[in-house]
Amino acid sequence: MISRRKFVQSTSAACVLSAAPLSKFAQAAIGGHKPEDPLRWVDPRIGTGGHGHCFPGAAMPFGMVQLSPDTFNDGWDWCSGYHISDDSIMGFSHTHLSGTGCGDLLDFLVMAGTGDAKLVPGDRRFPEQGYRSRFDHADERMEPGYYSVLLKDYNIRAELTATERAGFHRYTFPASDKAYLILDLQHGYGAGDGPVTSSELRQTAPDALAGGRRTSAWGRDRHAYFSLQVSKRPERIVFYSDDKEVPAPTAADLQGKNLKCVLYFKTRANEPILVKTGISGVDAEGAAKNVEAEVPGWEFEKVRISVREAWRKQISKVRVQSANAAHKRVFYTALYHMSLGPTLFDDVDGRYRGMDNEIHTLEKGSHHYSTFSLWDTFRAAHPAYTLIERERVPQWVNTLVRMAEQSPAGMPVWPLMSTETGTMTGYHSAAVISEACNKGFTGVDYEKAYRLMMKRAMVDDYRGLGYYRKLHYIPADKEEESVSKTFEYCYDDWAIAHVARKLGKAEDAAMLVKRSTNYRNYYDSSTGFMRPKLEDGNWTTPFRPIDMGHSKKWRDYTESNAWQTTFGVQHDPAGLIQLCGGREAFVKKLDGLFSAAPDLPEDAPPDISGMVGQYAHGNEPSHHISYLYVYAGAPHKTQARVRSLLETMYADQPNGMQGNEDVGQMSAWYLLSALGFYPVDPVSGNYVLGSPLFENAVVELGEGKQLEIVVERKDPAHQYVQSFSLNGQPQQRVWFHHSDIAQGGRIILTMGPDPNLTLGADASALPPSLTLA
């Protein structure tokens with residue numbers, strides 16, 4: 001299994017159902033009053049520092065292009081190509097990853113300058129040695145769909161915007177007889193000579209270039225193509241191979257691993273030169289069609305305004321009311337980051353490159369996507385999308401089914417463009433597909449999806465699954481990360497069981513549900529932890545719950561330890577509570593997680609961050625854990641803990657994230673928790689109440705339907721739920737189902753300074769566990 005850190009180390013050192021009236025806020029959101037512009041609260045700087053790994057540049061919601069500055073292209077904290085700690089820029093490339101723990105992309109870098117062009121970017125310590133330029137963060141402007149910066153060494157203002165499949169640059173030059181743009185096809189993520197295995201470049205017109213490249217970084221044998229045009233005819237274009245000048249390619253493409261070209265211009269003071277670049281995973285001709293369709297002219301401001309309106313529509317899908325400006329900045333930026341992936345991966349003519357590396361054509365109206373960080377996003381991001389992205393959900397699910405059908409690797413694990421990175425454990429495309437099925441999304445061939453999922457579950461010899469089927473656990477002496485893999489396979493079994501039930505396959509469903517309890521075979525009652533087990537049935541030794549594993553050969557847990565993995569049961573909390581000795585003993589054990597010393601062994605990956613005791617908010621296996629108190633009848637403890645995490649794990653600062661953003665998951669935890677609920681078991685469709693951060697919220701569900709959340713409290717510090725009303729009906733439970741709100745709904749939460757120890761405490765009020773409903 002390829003972990004995120006391990007990879008980086010290898011590459012660099014219908015209506016509201018309540019009779020109660022809508023709140024004034026909801027009336028304003030519907031149209032009684034013009035609400036405030038939510039874009040004012042989006043701050044793309046958040047996550048560009050620390051270990052957030054976010055990029056600050058221009059993109060469309062879920063677009064193929066992410067046109068953004070690159071300050072460095074190697075090292076873990078530069079997985080997105082940018083870090084707030086840098087003070088020089090290499091240039092502007094057209095594809096970036098948002099918040100991942102592995103680096104890749106950074107395709108087709110363009111940089112502007114004056115004087116004699118240098119052919120290498122140069123060292124960050126000595127920018128003058130290359131074409132990179134110093135800059136000040138005070139000269140940057142970041143907003144959804146737009147980025148601008150002053151390149152101080154050249155006195156050039158760079159501006160970027162983007163459509164779905166094209167990047168649009170505007171460079172405002174000083175007066176110069178040697179103004180230039182450099183296009184660097186060698187640039188990519190990784191040390192040394194970089195990831196390029198082959199590339200081609202050609203001049204298609206006096207003002208246009210085209211080409212492509214194949215890279216093997218995180219994604220192996222990845223294809224990317226471009227078509228680029230400038231608004232002013234260059235005085236000359238000089239081509240380079242291996243940094244040596246070569247004749248301009250005429251009859252055939254220039255080919256090699258290190259191709260570059262420099263376009264020279266004579267410019268007046270404050271003269272703008274624009275660049276528009278289409279990209280494609282198919283071929284350069286597809287890239288040309290993309291840019292022609294989406295950026296037919298040279299009206300930069302028109303495109304920028306259009307992109308801004310697209311973002312305004314996107315960010316307006318959830319509206320919150322609060323006097324706390326910092327909370328609103330974090331919230332709306334979270335929604336922004338959630339809207340950067342998955343990413344579109346098809347051309348305007350419907351073609352796309354599949355996981356079999358073949359070119360396919362979609363049916364009209366369909367789209368293909370990429371960049372599914374499934375080990376992360378199945379937990380909260382995809383559940384959130386089932387609320388606010390109902391049109392896209394079937395497109396994403398159909399993409400995953402196509403991938404499973406076309407890919408030699410089978411079910412998607414972490415697909416990037418046309419490649420399967422294989423990163424992380426489990427195969428949680430099954431969870432995303434099954435959640436959509438269980439929540440009633442149509443337009444998907446679930447019979448086909450079921451066959452593909454069952455092949456993985458029942459047939460494939462994949463990462464310990466043979467042991468999982470035979471022994472009902474995976475031995476630690478036969479497979480790395482055995483405990484975590486078993487837990488992930490349990491959840492994928494549970495997910496597939498929902499599709500089996502929907503399709504009338506009762507025997508399969510029962511078998512899968514039973515097998516989803518395999519996690520119980522790791523519980524060691526003598527220690528109170530989930531402990532690695534050998535093939536002969538004995539526990540591994542030595543054992544410390546803070547350790548990643550029992551030996552130096554490999555880890556037994558995935559980016560976690562026994563503390564976090566013991567609570568890693570999302571579908572059967574009642575079973576876990578029983579293992580731990582009942583509700584009281586479980587609550588004590590869970591309290592111990594948060595109060596334990598935050599010690600970690602020397603070999604712990606940096607992904608384990610945001611520590612509260614042994615709880616690690618900076619990594620996804622912990623994300624549901626604070627909500628488990630609800631399953632033990634102690635929801636007040638969930639409410640207090642969630643409020644604390646909302647306040648301490650996020651900030652409206654560049655380093656305001658504890659851990660990688662992970663293509664929307666870190667943000668989705670905040671967004672849903674701030675609204676007041678969270679999907680501990682996403683496939684089931686159940687949401688568990690926490691502690692809402694805002695006074696009111698309206699979630700646009702599509703087709704004119706809304707979920708309104710009204711919070712009644714006298715003081716923003718009041719964190720405990722006193723009463724819960726759902727669609728006009730008072731509740732004694734503190735959870736609800738997707739079907740309760742899918743057609744519109746109204747939640748009223750009355751808050752107070754002290755816990756209500758009876759609400760949600762009775763056994764009859766607990767959320768379902770291991771129940772196919």
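How many nonpolar, polar and charged residues are in the lining of the second largest pocket? The lining has seven nonpolar, eight polar and eight charged residues, where Ala, Val, Leu, Ile, Met, Phe, Trp, Tyr, Cys and Pro count as nonpolar, Asp, Glu, Lys and Arg as charged, and the others, Gly among them, as polar.

This is a predicted model, in which local features need pLDDT of at least 70 and side-chain atom pairs count only at pLDDT 80 or more, while totals for chains, interfaces and linings use all residues. Residues are numbered from 1 along each chain as its sequence is written, and side-chain values use heavy atoms, with hydrogens and water left out.

**The whole chain**

Begin with the entire chain in view. Its C-alpha trace spans about 80 × 65 × 50 Å along the principal axes. The secondary structure comprises 19 helices and 38 strands; these are DSSP runs numbered from the N terminus, with helices (H or I) of at least four residues and strands (E) of at least two. Of the 773 residues, 66% count as buried; buried means under 20% relative accessible area, exposed over 50%, and partly exposed in between, with a 1.4 Å probe and protein chains only.

**The pockets and the cavity**

Next, select Asn73, Met90, Pro121, Gly190 and Gly192, which lie nearest the centre of the second largest pocket. This pocket is lined by 23 residues and holds about 320 Å³ of space. On a 1 Å grid over the protein atoms alone, a pocket is an open set of points with protein on both sides within 12 Å along at least five of seven lines, whereas a cavity is a set of points where a 1.4 Å probe fits but cannot get out; lining residues have an atom within 4 Å of a point. Grid points are joined across faces, edges and corners, and a volume is the space filled by probe spheres set on the points.

Move to Lys317, Ile388, Glu389, Arg390 and Glu391, nearest the centre of the largest pocket. About 850 Å³ of space lies there, and the lining has 12 nonpolar, nine polar and 12 charged residues. Helices H4 (300–315), H7 (381–388) and H8 (392–406) and strand E33 (696–702) each supply at least two lining residues.

For the largest cavity, select Ser484, Phe487, Glu488, Gly568 and Gln570, which lie nearest its centre among 19 lining residues. Its volume is about 190 Å³. Helix H12 (residues 482–502) gives the largest share of the lining, five residues.

Select residues 325–338, helix H5, whose 14 residues reach 20 Å from the first C-alpha to the last. Because 11 of these 14 residues are buried, H5 is largely enclosed by the rest of the structure; among the buried residues are Phe331, Tyr332 and Tyr336. Continue to Pro342, in the loop between H5 and strand E21 (343–344). A cis peptide bond joins Gly341 and Pro342, with omega about 5 degrees.

**Further local stops**

Phe529 belongs to strand E28 (residues 529–530) and is buried, at a relative accessible area of 6%. In the loop between E28 and helix H14 (562–566), select Pro542; the peptide bond from Thr541 to Pro542 is cis, with omega near -5 degrees.

Finish with two non-glycine residues of positive phi. Asn357 has phi near 70 degrees and is partly exposed at 29% relative accessibility. Val663, with phi of about 50 degrees, is buried at 4% in the loop between helices H17 (635–648) and H18 (665–675).

Conventions: The expected span of a helix is 1.5 Å times one less than its number of residues.
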